[in-house]
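These are my notebook entries on one structure, set down in the order in which I looked things up. The sequence and the model are shown first.

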Amino acid sequence: MPPTRRIAPSILSADFARLGEQVQEVVDAGASVIHVDVMDGRFVPPITMGPLVVEALRGRFADVDLDVHLMIADPERQVEAFASAGASGITFHAEATAHVHRTLDLVREHGCRAGLAVNPATPLTVFEEVEVDLALLMTVNPGWGGQRFIPASLGRLERLRAIVGPDKEVEVDGGVDAQTAGPCADAGASLFVAGSAVFGAGSPGDALRTIAAATGAG
Ligand code: DX5
Ligand code: ZN
């Protein structure tokens, strides 16, 4: 069965001083998955958040899918910490480790969905070599919210969908909004990260519903 299309609001663009309320707002609007962007100042320049944030969200939102996106070097070193904190899925970058296959196994051993992410210039062929639970296609260069969607991503998305087959979760991340979400859905995306388009809007709940409608998501 092809996965149900879902929007994953990224808290990177949320007001951290009101994080619980902001997440509550999008959950009330129908979000069942929250995207958590972890950056280490090495793989990408900024430093963002760690397992403590995942733990705090898990404490308040028992049923929400916490989709952790590791933009960190040597992600295998942090899998246990994020799994124990309550991550539902852990996605790491193919460019960030010499041990993609082993790290996918490690994530599954810790009871989480194992996701693999690729940057805009990275060949998709790695997805022919390993079995993932989720394939994440970066549609901007990782590191910051609010960037412009890279149009060439749509062709890559079609090729990625063809490689992983119709039933796999395929996530797009970066510059996804009410305009780009529809074309991404047509090209094969099933999970749509939206940061600034949701939390930068006057009403995150309304923005979420608008993007969901653009993808044909329930
Ligand atoms: C960027 C992060 C994204 C970011 C997306 O490196 O991986 O998840 O939050 O933000 P928007 O939706 O604003 O492009
Ligand atoms: Zn992300």
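**Entry 1: helix α4**

I looked up which residues of helix α4 (residues 100-109) are buried, and I found Val100, Thr103, Leu104 and Val107. They lie on the same side of α4, because they cover an arc of only 105° around the axis. I note that the arc is that of the directions from the helix axis to the C-beta atoms. On the other side of α4, I found His101, Arg102 and Glu109 exposed. In these entries, buried means under 20% relative accessible area, exposed means over 50%, and partly exposed means in between (1.4 Å probe, protein chains only). Helices (H or I, at least four residues) and strands (E, at least two) are DSSP runs, numbered from the N terminus.

I then looked up what the buried residues of α4 pack against, and the partners are α3 (79-85), β4 (89-93), β5 (113-118) and α5 (126-129). Contact here means heavy atoms within 4.5 Å. Glycine 111 follows α4 and has a positive phi, near 80°.

**Entry 2: basis of the values**

I record that this is a predicted model, in which local features need pLDDT of at least 70 and side-chain atom pairs count only at pLDDT 80 or more, while totals for chains, interfaces and linings use all residues. Residues are numbered from 1 along each chain as its sequence is written, chains are lettered from A and ligands numbered from 1 in the order in which they are written, and side-chain values use heavy atoms, with hydrogens and water left out.

**Entry 3: helix α1**

I repeated the search for helix α1 (residues 19-28), whose buried residues are Leu19, Gly20, Gln22, Val23 and Val26. Because they cover an arc of only 165° around the axis, they are on the same side of α1. These buried residues pack against β1 (6-9), β2 (33-39), α2 (51-60), α8 (196-199) and α9 (204-215). After α1 comes glycine 30, with a positive phi near 115°.

**Entry 4**

For six octahedral donors, the ideal angles are 90 or 180 degrees.

**Entry 5: ligand 1**

I found that 20 residues surround ligand 1, and the closest are Asp37, Gly143, Asp173, Gly195 and Ser196. A residue is near a molecule if one of its heavy atoms lies within 4 Å of it.

An N or O atom in the side chain of aspartate 37 is 2.7 Å from an oxygen atom of ligand 1. For serine 196, a polar side-chain atom lies 2.6 Å from an oxygen atom of the ligand. For glycine 146, a backbone N or O atom lies 2.8 Å from one.

**Entry 6: lysine 168**

Lysine 168 is in the loop between α6 and β7 (169-173). Is this residue buried or exposed? At 17% relative accessibility, lysine 168 counts as buried. Its side chain and that of glutamate 131 are joined by a polar contact of 2.7 Å. A polar contact is a pair of N or O atoms within 3.5 Å; within protein, one must be able to donate a hydrogen and the other to accept it, and residues adjacent in sequence count only if both atoms are side-chain atoms. Leaving aside neighbours within four places in sequence, lysine 168 is in contact with Pro3, Glu131, Val132, Asp133, Arg161 and Ser190.

**Entry 7: aspartate 74**

Aspartate 74 is in the loop between β3 (65-71) and α3. Its phi is near 50°, a positive value in a residue other than glycine. I found aspartate 74 partly exposed, with a relative accessible area of 27%.
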